[in-house]
Amino acid sequence: MFKFDTTLNRLRSIGILEALSFLLLLGIAMPLKYLCGAPELVRIVGMAHGILWLLYIALAALGQLDYKWPARTTALLLLASLLPFGPLIADAKLLRAIQPE
């Protein structure tokens, strides 16, 4: 499922992990913080999500350099990183169609 052998595969794998961490943050950690008064999980999941998001952004920029994508592709990847299911949609609609050289 997760491959890290090329920039494209790293981007796709980190995108999946980043999307899952965002959903965990919004769907589990935040409700536990505000409904149960347990902020610890927000710190842990939030930090993991932040690191994964930075990696996703860096890999999108590296993909731009490695594969000479149009600026529109990179812009869409960056926009997708801001939405809860964005990296998953970007993977399905943009990244699967790209064939590495």
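1. In this note, contact means heavy atoms within 4.5 Å. The model discussed is a predicted one. With contact understood in this way, the cover over the buried residues of helix 4 includes helix 1, helix 2 (40–67) and helix 3 (71–80).

2. Helix 4 spans residues 86–95, and its buried residues are Gly86, Pro87, Ala90, Asp91, Leu94 and Leu95. Viewed down the axis of helix 4, these buried residues fall within an arc of 135°, so they line one face of the helix. An α-helix has 3.6 residues a turn, so residues three or four places apart point the same way. Ile89 and Lys93 are exposed and sit on the face of helix 4 turned away from the buried side.

3. Ser13 belongs to helix 1, which runs over residues 7–36. Ser13 counts as buried because its relative accessibility is 3%, and the cut-off for buried is under 20%. The side chain of Ser13 reaches the backbone oxygen of Lys3 at 3.0 Å. Apart from neighbours within four places in sequence, Ser13 is in contact with Met1, Phe2, Lys3 and Phe4.

4. Leu24, Ile28, Leu32, Leu41 and Ile44 make a nonpolar surface patch of about 410 Å². Helix 1 and helix 2 are the elements that give two or more residues to this patch. The largest share, three residues, comes from helix 1.

5. Leu32, one of the patch residues, lies in helix 1. At 32% relative accessibility, Leu32 counts as partly exposed.

Note on methods. Residues are numbered from 1 along each chain as its sequence is written. This is a predicted model: local features need pLDDT of at least 70, side-chain atom pairs count only at pLDDT 80 or more; totals for chains, interfaces and linings use all residues. Side-chain values use heavy atoms; hydrogens and water are left out. Helices (H or I, at least four residues) and strands (E, at least two) are DSSP runs, numbered from the N terminus. Buried means under 20% relative accessible area, exposed over 50%, partly exposed in between (1.4 Å probe, protein chains only). A polar contact is a pair of N or O atoms within 3.5 Å; within protein, one must be able to donate a hydrogen and the other to accept it, and residues adjacent in sequence count only if both atoms are side-chain atoms. The arc is that of the directions from the helix axis to the C-beta atoms. Patches are made of residues with over 30% relative accessible area and no salt bridge: like charges are joined within 9 Å, nonpolar side chains (Val, Leu, Ile, Met, Phe, Trp, Tyr) within 5 Å. Accessible areas come from the Shrake-Rupley method with a 1.4 Å probe; for residues, only the protein chains shown count as cover. A salt bridge is a side-chain nitrogen of Lys or Arg within 4 Å of a carboxyl oxygen of Asp or Glu.
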